[in-house]
Amino acid sequence: GSCGTDSDCSASCDKNGGILSPSTGICLCNNITTLNQACDSNCRNKALNVTCDSDGHLSIYDPTTGTSQIVTKSELKSISAGSLTCSKGSAVYSMSTSANGFAGIFGVGNSLSRLANKRRVLFESDVGN
């Protein structure tokens, strides 16, 4: 939805309508995809997750393989114009943005996923030699 003071959410939510949240001032649209529609519990259990390690780097954990990869701040700068400050154990949530607003992403975003895959391929080719 979008911020507003008018209780009519038809402009923000199209024909499906919605209600204005009194606490946030954002329209809560009726056509929002639910968590289980987007990614059911099986999907969520297999999704990569990201936390911060004790050095403030990202740690990408793959629950399917039980392995983790560390992404340093300098590696992160190569794929993002933003910055990261995090504390050990802090959860990191991936978001994408578009002209339509923000969207949550299960697992890791495309940029982190590509970086992790690139590192995995490089590691596997080094081990194979």
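Two residues count as in contact here when heavy atoms of theirs lie within 4.5 Å. Keep that in mind as you click around, and remember that this is a predicted model.

**Stop 1: Ser-59.** Start by selecting Ser-59, which sits in strand β4, residues 58–62. Is Ser-59 buried or exposed? Buried, because its relative accessibility is 11% and the cut-off for buried is under 20%. Now show what surrounds Ser-59: setting aside residues up to four places away in sequence, Ser-59 touches Asn-49, Val-50 and Thr-51, and also Ser-68, Gln-69 and Ile-70.

**Stop 2: the sheet.** Next, switch to a cartoon view and pick out the strands. Which order do the 4 strands of the open sheet follow? They run β5-β4-β3-β6, with antiparallel pairing. The edges are β5 (67–71) and β6 (91–92), each of which pairs on one side only.

**Stop 3: from β4 to β5.** Select β4 together with β5: 5 bridges link this antiparallel pair. One spot to look at is Tyr-61, which stands opposite Ser-68 in β5. Then follow the chain through the hairpin, where 4 residues lie between the two strands and Gly-66 has a positive phi near 75°.

**Stop 4: from β4 to β3.** Zoom in on Cys-52 to find its bridge partner in β4, Leu-58. These strands make a hairpin too, with 5 residues between them, and Gly-56 in the turn shows a positive phi of about 80°.

**Stop 5: on to β6.** Look for Val-50, with Val-92 of β6 opposite.

**Stop 6: Val-50 and the core.** Stay on Val-50 and show its contacts. Apart from neighbours within four places in sequence, Val-50 meets Leu-58, Ser-59 and Ile-60, then Ser-90, Ala-91 and Val-92, and finally Val-108 and Leu-112.

How many residues make up the largest nonpolar core? Select these 8: Val-50, Leu-58, Ile-60, Val-71, Leu-76, Val-108, Leu-112 and Leu-115. Colour them by element of secondary structure, and you will find that β4 and α5 (110–128) are the ones giving two or more residues to this core.

Methods. Residues are numbered from 1 along each chain as its sequence is written. This is a predicted model: local features need pLDDT of at least 70, side-chain atom pairs count only at pLDDT 80 or more; totals for chains, interfaces and linings use all residues. Side-chain values use heavy atoms; hydrogens and water are left out. Buried means under 20% relative accessible area, exposed over 50%, partly exposed in between (1.4 Å probe, protein chains only). Two strands pair if DSSP finds at least two bridges between them. A nonpolar core is a set of buried Ala, Val, Leu, Ile, Met, Phe, Trp, Tyr and Cys residues joined through side-chain atoms within 4.5 Å.
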